[in-house]
Structure formats: C-alpha cells, structure tokens
Amino acid sequence: TPEGWTPVDVAYRRRKDGGALEWAFSPQGYARLDASQTRVEGNKLQSYAQGTSPTQGFVDLVTPVDTTTKNFSLELGYHVGDLQLSLTHLTSRFDNVTPLVNWSNGFFNGTDASPLAPNNEMQRWSANAVLRNLPLRSTLALRGSTSRSSSDVDVLTTVLSTPPVVGAPGSTPATHPSRGTFQGRLHEDHYAVALTSNPYKNIDTRLTLSHLRKENTSSEINFIDLPTGLGCGDAPLTATTSSCLNERFDMDRRSYGLDVGVRMPHDNRLNFAYEAQVAERNRE
C-alpha cells in the first residue's frame, strides 16, 4: 500500500431471512402468511460527476451500503367447484441508514453532497379469480392489483458551485426550493383478463386484455432564483429567471392479444399471434 493511503475492502453482504405459514381452515379455504427481511451491509463503488460538463470530470467513491427491506404479506384463498379465488395484501418497507454521502469535489474545490436511496414504503392489494370448465372447454382468469408507494425526503437547500475566485473554496449558493420536503406518492393499478379455449380438437385459442395505469401525485418542487450556471434547461441560466421543476411521470397503457394454435401431425404446432398496445404518457 502506498504511504498515506488507507486500504478499503470494497464488498457488501446480502442476507435474506424469511418464513411462511399456511393454514387450511376448511376443505375449501386457506390462509398463508409470508414474512421476510433482506439486509445489505458493506460498501460499493459508485461514480459521481463533479459538474454538469464532461470536462469537469468524474470520481469513483466507496459509498456505504446499509439497507433493510421488510416484506409482510397475507393471502386468503377459497375454491369451490370450478371457481378459485385469492386475495393478497403486501406491505414492503425499505430503510436506508445512510441517505446522504458527502465527498470531496476537486473541480469546485469543496465538499459535495449526493443523496442515496431514500426510505420508502409500499402497500399493495391483489386479487385473482380462475373459472374453469366453461363452454368450448374454456378457462377464464382475472387478475387485478392496486399499489401505493410513498417516501418523504428533505430537499437540499444549498449546492456546491463555482468558487468566487480562482483557487478559493467553492461557493454554496441557496437553491430556494418551494417546499422543504419532497413527498413521493406513486399509485399503480393493473388489471388483466385471459380466456383460454379449445373450440376444436386440434385448435387452442387465448385472448388477453390488460390495463396498466400509473399516476404520480408527488410534490411539485420549483427551485427559483438560482445563481448563474445552475439550472435544468427549462429557463435561461440567469440569476433571476433560472428554475427547475420536477417532471412527474404518468402513464396509461392498454394491451390486447390473440393467440391461435393449431396442432399439426408428427407433434408439430403452428401458432398465429396478434398483439396491439396503446400507451399514453404525459412527460415531455
């Protein structure tokens, strides 16, 4: 090791512990409980830009990793005759002990700050239904889920920028956020239908329909009165007009599909497939 250097073991360990318990409370019904925890500890190599221009260079840093993900789900199921039903609720919690890493920025000659993954939580409900022995030897499968994800993160109120004079420490101008805390709120709904049939001895068909909707109701934060040189490209880079507005991404996607399979002699099969997808996105 060169004199004055400190050796660092760049490695992290991932450990997952969990268990499941299932109870058949009747000949037709059951309940299943799943719980798990994933722990990641150590450090990893991460690259950061020293500025917004490639000429300002990048640095490789050894960043800490200390996260925990806890999952808890409860599933209830019931089947009677040709009908099978299930309902599941999942709670997932992600915790990061180190939400911010400070490092030395050689280009701006100061201490920089880079956020890491924030704490967040997700709640998801999902339901499934399967109905068999329908006309034309058909099986109908229905699936639906809805989830909510949330996180709350403090917004950086200062940023490392150009030194006032050559050779001086970097300046730390205020970013003037419109809100001090960013509240992340994501809502996702997904519905799907599949109908599998066997209308004739050698012909199988499958019709699928699905709808995915993602809605982002997170905080809209505007950074105003930024100093010259800072901005996001949505306004002239001057001290009075530069601003940055986070772009919230929403999406609505519908898919339709039809598969037809024909069984041929000598264990061969001929398939025809058609799929159409329509997606609407609101982000520039």
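Predicted model: local features only at pLDDT ≥ 70, side-chain atom pairs only at ≥ 80, totals over all residues.
Ala, Val, Leu, Ile, Met, Phe, Trp, Tyr, Cys and Pro are counted here as nonpolar, Asp, Glu, Lys and Arg as charged, and the others, Gly among them, as polar. Residues are numbered from 1 along each chain as its sequence is written, and side-chain values use heavy atoms, with hydrogens and water left out.

The sheet is described first. Strands are DSSP runs of E with at least two residues, and helices are runs of H or I with at least four; both are numbered from the N terminus. Two strands count as paired if DSSP finds at least two bridges between them. In general, strands of a sheet pair through backbone hydrogen bonds, either parallel or antiparallel. Ten strands form an open sheet here, in the order 1-2-3-4-7-8-9-10-13-14, and the pairing is antiparallel. Strand 1 (12-23) and strand 14 (268-281) are the edge strands, each pairing on one side only. Neighbouring strands of this sheet are turned by 10° against each other on average, direction ignored. For such angles, axes are lines fitted to C-alpha atoms, for helices over the stretch in contact, and values run from 0 to 180 degrees between N-to-C directions.

Strand 3 (residues 58-80) and strand 4 (residues 83-96) are antiparallel and share 14 bridges. Within this pair, Thr67 stands opposite Asn96 in strand 4. The two strands form a hairpin with two residues between them, where Gly81 takes a positive phi near 60°. Strand 4 also pairs with strand 7 (residues 120-134), antiparallel, over twelve bridges. Ser86 has Asn128 of strand 7 as its bridge partner.

Ser126 is also located in strand 7. Its relative accessible area is 17%, so Ser126 is buried. The cut-offs are under 20% for buried and over 50% for exposed, with partly exposed in between (1.4 Å probe, protein chains only). Contact means heavy atoms within 4.5 Å. Not counting residues up to four places away in sequence, Ser126 touches Ser86, Leu87, Thr88, Gly144 and Ser145.

Further along the sheet, strand 8 (residues 138-154) runs antiparallel to strand 9 (residues 181-200), and 16 bridges join them. Ser150 is bridged to Arg185 in strand 9. Strand 10 (residues 203-216) and strand 13 (residues 251-264) are antiparallel and joined by twelve bridges. His211 stands opposite Arg254 in strand 13. Strand 13 is in turn joined to strand 14 by 14 bridges, again antiparallel. Met264 stands opposite Asn268 in strand 14. These strands form a hairpin with three residues between them, and His266 in the turn has a positive phi of about 60°.

Loop residues were examined next. Asn109 lies in the loop between strand 5 (100-105) and strand 6 (110-115). Its phi is positive, near 55°, although the residue is not glycine. Asn109 is partly exposed, at 36% relative accessibility. His176 is found in the loop between strand 8 and strand 9. This residue, also not a glycine, has a positive phi of about 50°. The relative accessible area of His176 is 41%, which makes it partly exposed. Ser26 sits in the loop between strand 1 and strand 2 (29-49). At 23% relative accessible area, Ser26 is partly exposed. Ser26 and Thr162 are 136 residues apart along the chain, and their C-alpha atoms are separated by 70 Å.

Rolling a probe the size of a water molecule over the atoms shows where empty space is left. On a 1 Å grid over the protein atoms alone, a cavity is a set of points where a 1.4 Å probe fits but cannot get out; a pocket is an open set with protein on both sides within 12 Å along at least five of seven lines, and lining residues have an atom within 4 Å of a point. Grid points are joined across faces, edges and corners, and a volume is the space filled by probe spheres set on the points. The second largest pocket has a volume of about 410 Å³. Of its 16 lining residues, Pro115, Pro118, Val153, Asp154 and Val155 are the closest to its centre. The lining comprises eleven nonpolar, three polar and two charged residues. Strand 8 gives the most to this lining, with four residues.

Pro115 belongs to strand 6. Its relative accessible area is 53%, so Pro115 is exposed. Pro115 touches Pro99, Leu100 and Leu156, not counting residues up to four places away in sequence.
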